Amino acid sequence: MLLAYSAANIVALLPLTPGGLGIVEASLSGLLILAGVRPGYAFLATLAYRVASYWLPLLARPPAYLLYRHRYGRPAEG
């Protein structure tokens, strides 16, 4: 399982699509199925992995930006 996740992260480094979307899911699902995981569970594990690794950090950006603006103010125009 760890090998499947490691291989999917290596595939994500290839700049074929933004964030490796589509390519990572296909490779991770396929590798998990080859490792003996049932296809439904492989899909669910892949979905949970992508939500945790790609989409949750995107949700943290607006509050981080607002906290940054509150602390440092507007950027100086120059």
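Helices here are DSSP runs of H or I, at least four residues, numbered from the N terminus, while strands are E runs of at least two.

A note on the ground rules: I am working with a predicted model, where local features need pLDDT of at least 70 and side-chain atom pairs count only at pLDDT 80 or more, while totals for chains, interfaces and linings use all residues. Residues are numbered from 1 along each chain as its sequence is written, and side-chain values use heavy atoms, with hydrogens and water left out.

Next I looked at H2 itself. Its 12 residues reach 16 Å from first C-alpha to last, close to the 16 Å expected at 1.5 Å a residue (1.5 Å times one less than the number of residues).

Which residues of H2 are buried? I found Val 24, Ser 27, Leu 28, Ser 29 and Leu 32. Buried means under 20% relative accessible area, exposed over 50%, and partly exposed in between (1.4 Å probe, protein chains only). Their cover includes helix H1 (2-12) and H3.

I then picked Ser 29, which sits in H2 (residues 23-34). Ser 29 counts as buried because its relative accessibility is 17%. Leaving aside neighbours within four places in sequence, Ser 29 is in contact with Ala 42, Phe 43 and Thr 46; contact means heavy atoms within 4.5 Å.

Last, I turned to Trp 55, which lies in helix H3 (residues 39-72). Is Trp 55 buried or partly exposed? Trp 55 counts as partly exposed, because its relative accessibility is 46%.
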